[in-house]
Amino acid sequence: MSTFSGLGTAASALAAARRGMDVVGQNIANQATDGYTRQRVSTSAIAAVAQSGRFSLGALPGHGVSVDGVARLGDVLLDARVRDTAGAAGFWSARALAATTAETALAEPTEHGLAARLSQFWNAWQDLGNTPDQGAAAATVLQSASELATRIAGGYRAVATQWADARQSAERTVAQLNTAASQIAQLNTEIRDALGAGSSANELIDRRDALVQTTARLAGARGTLEADGTMTVRIDGNALVAGGDARSLTLAGPVTIEQGGALSVSWSGADGFAVSVDGGELGGLLSVLAPADDGGTLARLAGSYDDVARALASSVNERHRAGVTAAGQTGGDFFALSGSGPAALGLSVAVGSASDLAVAKPGGGPLDSSNADAISQIGRSAGGPDSIWADVVAGFAVATAGDIQRATLSDVASTAAVGAQRSVAGVDGDEETISLLTFQTAYQAAARVLTAVDESLDVLINRTGLVGR
């Protein structure tokens, strides 16, 4: 190695150390940046020029260091694990949120719940049976019946409103998924071009991976890294994003809970075949919005209100028709049900005044109240409206607890996966400080080599041949 080549060696060392400090500075600056993956300078030694022949000097040192690039210190397997756990967490969190919202609207067991309204209704009949000659007791029965019908209708409307809100959330989720897919496709193109030109695409890859993780949480999408640096994103085994091309999804189906039927997700365009989305927030919302026969949480709850309304009208009307009024007239229907629409919304009080209440049994006399007593005992009968509602509340509470537990476990798994990923890809301040000191020391050493070579050249050029001065 000549003296002049030593300058090149020292210069390459300076350049490599300076690049290393730049990368360390980039890491430290983005220590709190969400989704940032730490980077390291990749270097390799420049080999000595091979020499042979008579004038070969034997073994020679190399010619410095080459900066090969800036490596991104991520782990593909850990990234895939984060996406998988994010999809499961999104699914169960959507179900748990819907279940807890519906459970809050039930207001059980409180004085505002349906069970309390039913108890008040039966107690009003019991009070009427105790004091059949009191007009206030009869008015209380009618008032309590009206409030009960209103509570049943209000509970159904609350479920219907939540169903409509959940459907709008599903539409927004599909829109977010389509937007993320188009952005991933654009980033795929930029990454492929950057890698093909030999440039660094680390920041672009970070942005793309964050979007792919978003699609995983939204719809349980899976990503596959291709040889050209692009990532293919699939849903239900079909490509949502392939290279620089992105497809979009559409949501179709009923817009109200009364219409019935199932929502469907399909590909946009002429080949719009259905897509089975069973993961992510969208999958959780679709399971909540499913028909009652398919296990839909909200549809089954709305159907329970209809069952209670029909059981209430049937049992009370049957008993009321068996009695007579104070005037000796045969009692008619106490409740009326609309012939169309949900039974919970069509329930109303058919009796117009207290004189139409069939309090007595036929032949019981003007002060007989045995039929009112019999009606008050309907709430205790097996298969009655109270029993139906108690089973609904108990079953819904168990299902809600299960969804919450699964959501909690999936969140723990997702958090653990993210922690494992960040332990490899995250920036550690202590490690970066050591790296900074290492590169700083290397820079100072390279500068010292450059100074030594410069002094040697100064002696050779300016002082050779000057003896005795």
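Student: What makes the meeting of the Glu431 and Arg40 side chains a salt bridge?

Tutor: The side chains of Glu431 and Arg40 approach to 3.3 Å, N to O. A salt bridge requires a side-chain nitrogen of Lys or Arg within 4 Å of a carboxyl oxygen of Asp or Glu, so 3.3 Å qualifies. The pair links distant parts of the chain, 391 residues apart: Glu431 lies in helix α11 (residues 429-462) and Arg40 in strand β1 (residues 39-45). Helices (H or I, at least four residues) and strands (E, at least two) are DSSP runs, numbered from the N terminus. This is a predicted model, in which local features need pLDDT of at least 70 and side-chain atom pairs count only at pLDDT 80 or more, while totals for chains, interfaces and linings use all residues. Residues are numbered from 1 along each chain as its sequence is written, and side-chain values use heavy atoms, with hydrogens and water left out.

Student: Why is Arg40 called buried, and what is Glu431 called?

Tutor: Buried means under 20% relative accessible area, exposed over 50%, and partly exposed in between (1.4 Å probe, protein chains only). Arg40 has 16% relative accessibility and is therefore buried. Glu431, at 32%, is therefore partly exposed.

Student: How do you know that Arg217 forms a salt bridge with Glu281?

Tutor: The closest N and O atoms of Arg217 and Glu281 are 3.5 Å apart, which meets the criterion for a salt bridge. This pair also links distant parts of the chain, 64 residues apart, with Arg217 in helix α5 (residues 202-219) and Glu281 in helix α6 (residues 280-289). Arg217 is partly exposed at 29%, and Glu281 is partly exposed at 24%.

Student: What separates Asp307 and Arg310 in helix α7?

Tutor: Asp307 and Arg310 are 3 residues apart in α7 (residues 297-321), which means a separation of about one helical turn. An α-helix has 3.6 residues a turn, so residues three or four places apart point the same way. The closest N and O atoms of Asp307 and Arg310 are 2.9 Å apart, and the two form a salt bridge. Both are partly exposed, Asp307 at 36% and Arg310 at 42%. Elsewhere, salt bridges that share partners join Arg38, Arg40, Glu431 and Glu432 into one network. The structure holds 15 salt bridges.

Student: Why are β3 and β6 said to stand at the edges?

Tutor: The open sheet has 4 strands in the order β3-β4-β5-β6, with antiparallel pairing. β3 (222-225) and β6 (245-246) each have a single partner strand, so one side of each is left without a neighbour in the sheet.

Student: How do you know that β3 and β4 pair?

Tutor: Two strands pair if DSSP finds at least two bridges between them. β3 and β4 (residues 231-235) have 4 bridges, in the antiparallel sense, and therefore pair. Leu225 has Met231 of β4 as its bridge partner, and Gly223 stands opposite Val233 in β4. The two strands form a hairpin with 5 residues between them, and Gly229 in the turn has a positive phi of about 95°.

Student: What makes β7 and β9 edge strands?

Tutor: An open sheet of 3 strands has the order β7-β8-β9, paired antiparallel. β7 (249-252) and β9 (274-275) each pair on one side only. β7 is joined to β8 (residues 264-267) by 4 bridges, and Leu251 stands opposite Val265 in β8.

Student: What describes the packing of helix α2 and α5?

Tutor: α2 (residues 76-106) and α5 pack at an angle of about 35°, with their axes 7 Å apart. Axes are lines fitted to C-alpha atoms, for helices over the stretch in contact, and angles run from 0 to 180 degrees between N-to-C directions. The residues making the contact (heavy atoms within 4.5 Å) include Ala86 and Gly90 of α2 and Val212 and Ala216 of α5.

Student: Why is α6 described as largely enclosed by the rest of the structure?

Tutor: Of the 10 residues of α6, 9 are buried, so this helix is largely enclosed. Among them are Leu282, Leu285, Val288 and Leu289. Their cover includes α2, α4, α5, β7, β8 and α7.

Student: How many residues of the protein chain, in percent, reach a pLDDT of 70 or more?

Tutor: The share is 95%, and the mean pLDDT of the chain is 89. pLDDT is the predictor's confidence in each residue, from 0 to 100. Confidence is lowest in α11, at a mean of 88, and highest in α6, at 95.
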